[in-house]
Amino acid sequence: MTDLPILSASYLPRVIACPASHVLPQMKLETSEAAERGTNIHAFLEVAFNEGREAALEKFSAELPGIGIARELDLELLWADLDEGLAEATFAFHPEKQAARLMGTSLGRQYENTGEILGTADFVAKHRATQQIVVVDYKTGLIPVDAATSQQLAFLALAAHLHFGTGDVIARIVHIREDATFHFNEREYAAEKLREFGAKLSELQQVISVFSKWHDAGKTLPVNIGEHCRYCPAIASCPAAAAVFQKLQWALNKDKIDQWNLRQLSAQEAGALWERLQLIKKALEVQETALRDFARENVLEVSGGKQMMLGKQEYSQIALGRALEIISEVCGHDLAEHLLTATNAKLPKSELETALKASGLQGGELRQVLAVLNHEFEKQGALIHATREVMQPAEKVIKLQDK
Ligand code: SF4
């Protein structure tokens, strides 16, 4: 098991649904801004609990994503019914031994891979009135998570139950909204339910072990497509993504894909097709990101033997506000009016050329007008210069890099 990535509680929904995703080669997924916002809010709350709100206010600039929300939270209310709290408490669960331990607090989510399943509770404490253990998960996304069905929370409740040797455990989601208000939803786990979940995790570990051996032996692993594929780090090596078109068994004639009659599909087939298309889109996105990273440093040889690389390219756009007067002077008021209604604040040069052609200019005359306009735009500060990354002849990129 230790050759495999760490199995962390936050991955459980995906790994339970599709154990192969834990065994197939994985790639690092890009962090979204929403994830960064969530991480910052969690970090703020950790410091606020351990060192006090003032320390957190000092440590985290309001400019950081999510910190504006964290600074406004009513922290007294957040922890009002809880005592003896621990922030960022990491538990390790051993599926074979059905035992759990507290690895520590504030470990910064940097763990050693011991083959155990690991999970960090944002907060764990005793309920002031009932003395029950409460495990808390702060959620910051727009979509509320239900404590009753959260497998991550079930894991944390199981680990807390085993580590503290208590009976029932309360699993609580605190959903932090964009306006800095929050609300709780929670589920009470009976000890028996938690032990059932522990047994399920033991079975999962066995499946992963078997899949790992199959994978080493070169076998194709069975996978299970669903919503969980969205954040799957194994998507680029997923056999379902690779074989997606061959597996569309309802395509009568694969050569005539554009003639598929979607209306003939049953609701179930259409749903399956939708899920597969989402999967392939996501897989393509992941592959493209990786390929772009590769092409920044390495040459790609495309058809015709052309060598390409990803390199910076300078470009300029016309700031329409400033340019309109110049266009009006050079080409007349009508063209300037037309561009004003037809385009955005930044006018691509190609669009200006199209508009000039549509007004009857062509050939040498067109080139001359464009040259005059460009000259005036440059002189009068109506051009916005920027750089972007594009795939281009490798020779050009290497030359630029050598400069
Ligand atoms: S992308 Fe493939 S491997 Fe990943 S969860 Fe979906 S079906 Fe499983």
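So, is Gln 98 buried, exposed or partly exposed? Let me start there, because Gln 98 has 14 C-beta neighbours inside 10 Å, and that count makes it partly exposed. Keep in mind as we go that this is a predicted model.

Staying with Gln 98 for a moment, you'll find it in the loop between strand E2 (82-94) and strand E3 (99-105). Its phi is near 50°, which is a positive value in a residue other than glycine.

There's another one like that. Ala 180 has a phi near 70°, again positive and again in a residue other than glycine. Ala 180 sits in a loop too, between strand E6 (169-176) and strand E7 (182-189). It is partly exposed, with 14 other C-beta atoms within 10 Å.

Okay, let's zoom out to the whole chain. The secondary structure comes to 15 helices and eleven strands. If you draw a box around the C-alpha atoms along the principal axes, you get roughly 85 × 60 × 50 Å.

How is the chain divided up? The domain assignment gives domain 1 (7-211), domain 2 (227-286) and domain 3 (311-402). Between the C-alpha centres of domain 1 and domain 3 there are 52 Å.

As for burial, 28% of the 403 residues count as buried. And if you take contacts between residues at least 6 apart in sequence, 68% of them join residues at least 24 apart.

A word on confidence. The average pLDDT of the chain is 86, and 92% of the residues score at least 70. Residues 247-252 are another story, with a pLDDT below 50; beyond near neighbours in sequence, that stretch has five contacts in the model.

Now for my favourite part, helix H7. It covers residues 151-164, so to speak, and its 14 residues reach 20 Å from first C-alpha to last, close to the 20 Å expected at 1.5 Å a residue. Where does H7 sit relative to everything else? Eleven of its 14 residues are buried, so H7 is largely enclosed by the rest of the structure. Among those buried residues are Phe 155, Leu 156, Ala 157 and His 161. Just after the helix, Gly 165 takes a positive phi of about 65°.

That brings us to the largest nonpolar core, which has 54 residues; Phe 44, Val 135, Leu 156, Ala 157 and Ala 171 touch the most other members. H7 gives the most to this core, with nine residues. A second, separate core has 17 residues, including Val 23, Phe 211, Leu 221 and Ala 240.

Which residues is Leu 156 in contact with, leaving aside its neighbours within four places in sequence? The list is Ala 9, Phe 91, Gly 119, Ala 121, Val 135 and Ala 171. Two of the names there, Val 135 and Ala 171, also came up among the residues that touch the most other core members.

Phe 44 was on that core list as well, and it is one of the buried residues in helix H3, along with Ile 41, Leu 45, Val 47 and Phe 49, among others. H3 runs over residues 33-51, and at 1.5 Å a residue its 19 residues should span 27 Å; the end C-alpha atoms are 27 Å apart, so the two agree.

Gly 321 is in helix H11 (residues 320-331). Why do we call Gly 321 exposed? Because it has 12 other C-beta atoms within 10 Å, and a residue with 12 or fewer counts as exposed. From Gly 321 to Glu 365, 44 residues apart along the chain, the C-alpha separation is 25 Å.

Then there's Gln 392, in strand E11 (residues 383-393). Gln 392 is partly exposed, because it has 15 C-beta neighbours inside 10 Å. Leaving aside neighbours within four places in sequence, its contacts are Met 308, Met 309, Gly 311, Gln 313 and Val 397. Asp 293 is 99 residues from Gln 392 along the chain, and their C-alpha atoms are separated by 14 Å.

Key. Residues numbered from 1 in each chain as written. Predicted model: local features only at pLDDT ≥ 70, side-chain atom pairs only at ≥ 80, totals over all residues. Domains from an automatic or database assignment. Helix = DSSP H or I, 4+ residues; strand = E, 2+ residues; numbered from the N terminus. Buried ≥ 20, exposed ≤ 12 C-beta atoms within 10 Å, placed from the backbone. Expected span 1.5 Å × (residues − 1). Core = buried A, V, L, I, M, F, W, Y, C linked by C-beta atoms within 7 Å. Contact = placed C-beta atoms within 7 Å. pLDDT = per-residue confidence, 0-100.
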